[in-house]
Amino acid sequence: MAVLNRLIRSAVAARSPALTFSSLSSSIKDPSFPATTGRTAAAERNVQWVFLGCPGVGKGTYASRLSSLLGVPHIATGDLVREELNSSGPLSKQLAEIVNQGKLVSDEIIIKLLSKRLEEGGARGESGFILDGFPRTLRQAEILDGVTEIDLVINLKLREDVLLEKCLGRRICSQCGGNFNIANINIKGENGRPDLSMAPLLPPSHCASKLIARSDDTEPVVKERLRIYHELSQPVEDFYRKQGKLLEFELPGGIPESWPKLLHALNLDDHDDKQSAAA
Ligand SMILES: [Zn+2]
């Protein structure tokens, strides 16, 4: 009898609104987009986070480390576009045309790819995600809000002069596509600012002779890219700030300095594991 009561109690608890889809009714604001992941209460599922940050700030690195730490997929929309282009998927032809014409991939297509990715992940039993490179614009943030729930938005920041130097130091291995950075940053702290150093991310010897810089990683182009980034991202930051979801994180240096502090800011000190030892 006690067992039966317990079963009934847990069955009731499982249906109680406090434990289930508290925001289900608001799930689909835009009916043209499916609510792919559903709106499971945050406590029942894994994290659904967004990483914002200038090109070159290293958000891919931190997003990828956090995703393996937390066991959630790291979804970079740039990868989704590339994967679709290389597939025989329904959008690949359309995408190829857009990319070949040098046009920007529309919000609708990006959202479609993202929805598809989340749906497939859900079918595989994935829970949660860390988004990288999306949303880029206020409109994308608004659309995303209609597709799934975002718990937290981490805005990675870095001093502009350092960011510029980092961008100019980027190198790609022309053979394996690996990303590296030859910038060696050592800035003495002044006016109360602490020292800031960031070690270069040097390639293994078999890549060293094959490094190339992106042709658009020149100072004027990088500066213009940063200006455009700020112009577009300001409203995105405001959007999430108003929702109380924006966490501003100023990188204090390279990965060894930043990673433990980032974990601390995210209340993940307990998760600090072999990754920081490997940093
Ligand atoms: Zn290589």
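**Zinc site and helices of a predicted model**

The protein donors of the zinc ion are Cys 173 (SG), Cys 176 (SG) and Cys 207 (SG), which lie 2.2 Å from it; donors are N, O and S atoms within 2.8 Å of the metal (3.2 Å for Na, K and Ca), and since water is not among the atoms, sites may look incomplete. This is a predicted model, in which local features need pLDDT of at least 70 and side-chain atom pairs count only at pLDDT 80 or more, while totals for chains, interfaces and linings use all residues. Residues are numbered from 1 along each chain as its sequence is written, and side-chain values use heavy atoms, with hydrogens and water left out.

- In sequence, the donor residues of the zinc ion follow the spacing C-x2-C-x30-C.
- Cys 176 lies in the loop between β5 (170–173) and β6 (179–181) and Cys 207 in helix α8 (residues 205–208), so the pair ties together parts that are 31 residues apart in sequence; helices (H or I, at least four residues) and strands (E, at least two) are DSSP runs, numbered from the N terminus.
- Cys 176 counts as exposed at 54% relative accessibility, whereas Cys 207 is buried at 2%; buried means under 20% relative accessible area, exposed over 50%, and partly exposed in between (1.4 Å probe, protein chains only).

**Helix α3**
- In helix α3 (residues 77–86), the buried residues are Thr 77, Leu 80, Val 81 and Glu 84.
- These residues pack against β2 (74–76), α4 (92–100), α5 (107–123) and β3 (129–132), where contact means heavy atoms within 4.5 Å.

**Helix α2**
- Buried residues of α2 include Tyr 62, Leu 66 and Leu 70.
- After α2 comes Gly 71, which has a positive phi, near 70°.
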